[in-house]
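The entries below follow what I looked up.

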Amino acid sequence: MSLKVYNSLTRKKEVFEAINPPYVGMYVCGPTVSGESHLGHARPFITFDVVYRYLMYLGYKVRYVRNITDAGHFEEEGREAEDKISKKAVLEKLEPMELVQKYTNLYHWAMARFNNLQPSIEPTATGHIVEQIEMIKKIIADGYAYEANGSVYFDVEKYNTDFSKKGLPYGMLSGRVLDDQMDTTRELDNQEEKRNKSDFALWKNAPPEHIMRWQSPWGEGFPGWHIECSAMSNKYLGDQFDIHGGGMDLQFPHHECEIAQSTVCNHKTPARYWLHNNMITINGKKMGKSYNNVIKLSELFEGTHPILTQAYHPMTVRFFILQSHYRGTLDFSNEALQASEKALRRLWEAYEWLVKQNFDAQAIASDKTLDEKTATQIREFDEFMNDDLNTAKVLANMFELSSVINSIKDKHIAVNAIGGATLQLLQQQMKIYIEDIFGLTGERRADDGKLDGVLQLLIEIRKEAKQRKDFMTSDKIRNELAALGVQLKDEKDGGVSYTIQ
Ligand SMILES: [Zn+2]
């Protein structure tokens, strides 16, 4: 069974066929490093990390390009007067590149905590000004962009007229019709420079106070946001590559603009498969400054945002995200995260026992039904992933398998109920999926279980101290651990869990 993915461009699930197997080129829009990444950013980067890992599991050699937007991302959709980085640098009294470095470091720190693999190439917009200027020159030469007062705009209407005939109309990805966009575009700065409201900036003339500026054929200025992704994906992945990924919010205008720019230059859509993950809502509400519900990743890991009732381990967040299909909506709540935390702990417990066992491959199953059911559930891992990367269904199966593993571990089921060959397959596939594909053992396994052992011992000593009413000792253990960033939590069932920050 081959991999099928939902292609946003055709709105269909399609069999994935690499352009030049075994190589796969994948481009994912990275962060704008004008501020710290928040929970909403966690989803695309974890989603595409799993896509990357799964493609490698299937045997592809993947070149994964994920950019850093360190220039050119304008403050609001459509508003093209000021660059986000420049504005924030003035606010924080930092050099723009100092600001960029600060937030890039924070972003890398968060990605590492999520156990996301590093991309093959992580190009920056400021490092590719030359390529962007070259691309803009080509678009002008082909007649699809025009200069006005030192700025350059893409002529959307002309593009749409000409390329509609070739079956590549503007709006083909988002399904928007050009008329709609023109009606809904707000009055914007420098609007008078544009021929049409739907035109977007490829290059902006920098006013004297603008810090970030580069020489160009049109005077000193800075690039538009959309052009960087076209220039960098083209440079590292070629005229047409396999997968372009990002959040659904990027479909319009960002990806639509990318398609238009690249199509002018190369006469074909830049990527074959466009994959978009859905958004995260917070307690049923859209994430936004007006709701005061934008949870930064450091706040999430430390439990410091007012919405949070506790700190969440990065692996809990990762697990929570993978528990839903990437195209489905995902609602964040403390209850949902706490449920994920518990579920993940159960999965880990089962898994950590499982990997230490030596099963006899020759052992015959005494319970044929259970043996077959187990084997089927293991085989379904690949089937579910091949069906548009359904991590949710794989985890549901794993959860059922964990119950079986725990039953064997607790001797409620005899180990020979399941055949040795199936148990070995279980061991092997659980390891591949939990560690290699889902990347769920990031910080947890780094200490090889020693830290967990020490903490369990302290929890046990504290429990004994409480039983003999030695509250000085039990409080001391709790408080000293808290000072070290280890939070103990008494569970309803009498057990104690911990989170490490
Ligand atoms: Zn992009």
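I first examined helix α1 (residues 39-57) and helix α12 (residues 368-386), which pack at about 120° with their axes 12 Å apart. Because of that angle, α1 is oblique to α12 (under 35 degrees is roughly parallel, over 145 roughly antiparallel, 65 to 115 roughly perpendicular, the rest oblique). Axes are lines fitted to C-alpha atoms, for helices over the stretch in contact, with angles from 0 to 180 degrees between N-to-C directions. Helices (H or I, at least four residues) and strands (E, at least two) are DSSP runs, numbered from the N terminus.

I then listed the contacts (heavy atoms within 4.5 Å): Val-50, Tyr-54 and Tyr-57 of α1 meet Asp-382, Met-385 and Asn-386 of α12.

The model is predicted: local features need pLDDT of at least 70 and side-chain atom pairs pLDDT 80 or more, while totals for chains, interfaces and linings use all residues. Residues are numbered from 1 along each chain as its sequence is written, and side-chain values use heavy atoms, without hydrogens and water.

Next I traced an open sheet of three strands, ordered β14-β13-β15 with mixed pairing (a pair needs at least two DSSP bridges). Its edge strands, β14 (285-286) and β15 (330-332), each pair on one side only. Strand β13 (residues 280-282) runs antiparallel to β14 over two bridges.

Lastly I checked the zinc ion, coordinated at 2.0 to 2.2 Å by Cys-29 (SG), Cys-229 (SG) and His-254 (NE2). Donors are N, O and S atoms within 2.8 Å of the metal (3.2 Å for Na, K and Ca); water is not among the atoms, so sites may look incomplete.
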